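Student: I am new to this structure, and I would like to go through the words used to describe it. Could we take them one at a time, with the cut-offs behind each?

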Amino acid sequence: MIILGIETSCDETAISVVQASGGLKKPAFQVLAQVVSSQAKLHAPFGGVVPMLAKREHGKNLLPLLKEAIKQSKVTGKSKKFNESYKNKLKKILEREPELLEQFLQFIPLLPVPKIDCVAVTRGPGLEPALWVGINFARALALVWEKPLVPVNHMIGHIYSVLASPTKPTLTFPALALLVSGGHTELVLIKNWFEHKVIGRTLDDAVGEAFDKAARVLGLPYPGGPEISKLAKEWQGLTFCRLPRPMLHSGDFNFSFSGLKTAILYSAQKLAEANGGKLRAEDKVTLAYEFEQAAVEVLVKKLAKAVAKFEPRTVIIAGGVAANQELRRQAELMITSSASKLLISDLQLSTDNATMIAIASYLQIQKKVKSPQKFNAAGNLILS
Ligand code: KG4
Ligand code: ZN
């Protein structure tokens with residue numbers, strides 16, 4: 001089946017068209033189109049995502065991205081006369097997005113109905129104003145195209161994003177997933193499709209959030225993860241500093257990153273004081289390196305403990321921070337001493353995208369999870 005996926009939970013507007021087959025026995029995915037418009041630059045001056053700004057941008061981006069995704073995926077269908085009776089319903093569905101409604105009414109009635117089988121959309125977790133735009137847009141499309149609508153949990157999308165790799169990996173259970181993003185740090189045990197149990201999570205900041213805050217301390221732009229990583233690579237071992245490894249020996253699978261963030265702030269202040277109030281370039285490099293090492297060590301060591309305890313057949317690392325090369329390197333090294341197979345989401349599938357939403361919706365349909373046609377954005381949706 002062919003699925004159109006829509007993702008607007010944070011600061012990426014994303015649409016994908018994915019061809020899915022094989023059922024739960026041998027799920028296989030072909031990405032026909034994946035378009036993403038990042039608002040990172042827009043939010044950069046604020047050091048984080050501003051929800052109402054994100055909502056407005058999603059409203060502007062969705063239709064141009066849809067056009068592009070349909071063109072790239074070649075799913076253009078036959079022209080069909082637009083059912084005028086949908087107009088009033090559309091006005092209601094998109095009443096909170098007036099700009100989008102206007103564009104929608106101009107463009108969609110002229111667009112041939114694409115050859116897709118359903119529309120999938122992120123329901124949560126995320127920023128509610130941002131989620132709502134995507135949900136209302138998806139609902140409007142499902143109405144005029146007369147297709148089923150499938151709401152998807154963003155974090156489940158991250159987990160199963162590993163299946164989109166061109167290497168066509170197979171996922172054998174039990175599996176263990178380390179989910180690391182700007183909003184989440186979770187260790188999830190997966191007994192079977194959609195049988196998730198969170199065995200550990202952050203007690204305060206998510207690891208991506210800590211990367212973003214540490215980057216701010218060092219005067220680096222948002223999003224901070226890739227910036228810290230870039231700077232850390234310049235480290236040549238000439239200067240040292242030591243940051244804590246929070247909760248490394250806590251005896252459970254929980255994490256904490258807010259102390260690490262405070263520690264880098266104090267270290268930066270001390271180093272700056274010692275040099276006339278200004279943080280030297282080499283000290284920034286050292287701090288970036290040490291921060292990355294501290295964060296990655298905690299993640300990988302906790303993952304290793306969970307692997308030893310639960311002996312999963314597959315280990316998954318997914319979410320924005322899975323793009324971190326040091327995390328990938330240390331996790332690969334760690335997994336060699338276990339019997340588990342490691343699946344890390346491909347780079348362009350680590351950060352937010354709609355391919356993972358389409359994939360999760362396919363698996364949900366195959367698992368016969370019921371999709372309510374009426375649902376709300378759920379900013380705090382948890383894995384259950
Ligand atoms: O999954 P994602 O795109 O959005 C959320 O659902 O949060 O994750 C974004 C997070 C940001 O905090 C960003 O700084 C972090 O992922 N990130 C990284 C890297 N690339 C993105 N963190 C560390 N190293 C990276 N290379
Ligand atoms: Zn995400």
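Tutor: Let us begin with residue classes: Ala, Val, Leu, Ile, Met, Phe, Trp, Tyr, Cys and Pro count as nonpolar, Asp, Glu, Lys and Arg as charged, and the others, Gly among them, as polar. By that division, the lining of the largest pocket holds 12 nonpolar, 22 polar and 11 charged residues. This is a predicted model, in which local features need pLDDT of at least 70 and side-chain atom pairs count only at pLDDT 80 or more, while totals for chains, interfaces and linings use all residues. Residues are numbered from 1 along each chain as its sequence is written, chains are lettered from A and ligands numbered from 1 in the order in which they are written, and side-chain values use heavy atoms, with hydrogens and water left out.

Student: What makes a region a pocket, and what volume does the largest pocket have?

Tutor: On a 1 Å grid over the protein atoms alone, a pocket is an open set of points where a 1.4 Å probe fits, with protein on both sides within 12 Å along at least five of seven lines, and lining residues have an atom within 4 Å of a point. Points are joined across faces, edges and corners, and the volume is the space filled by probe spheres set on them, which for the largest pocket comes to about 1,100 Å³. Among its 45 lining residues, Ser-181, Gly-182, Gly-183, Asp-212 and Tyr-222 are the closest to its centre.

Student: Which helix gives the most to the lining of the largest pocket?

Tutor: Helices (H or I, at least four residues) are DSSP runs numbered from the N terminus, and α7 gives the most, with six residues.

Student: How do you know which residues coordinate the zinc ion (ligand 2)?

Tutor: Donors are N, O and S atoms within 2.8 Å of the metal (3.2 Å for Na, K and Ca), and water is not among the atoms, so sites may look incomplete. His-154 (NE2), His-158 (NE2) and Asp-352 (OD) lie at 2.1 to 2.2 Å from the zinc ion, and they coordinate it. His-154 in helix α6 and Asp-352 in the loop between α12 and α13 are 198 residues apart.

Student: Are His-154 and Asp-352 buried or exposed?

Tutor: Buried means under 20% relative accessible area, exposed over 50%, and partly exposed in between (1.4 Å probe, protein chains only); both His-154 and Asp-352 are buried, and of the 384 residues of the protein, 57% count as buried.

Technical notes. Helix = DSSP H or I, 4+ residues; strand = E, 2+ residues; numbered from the N terminus.
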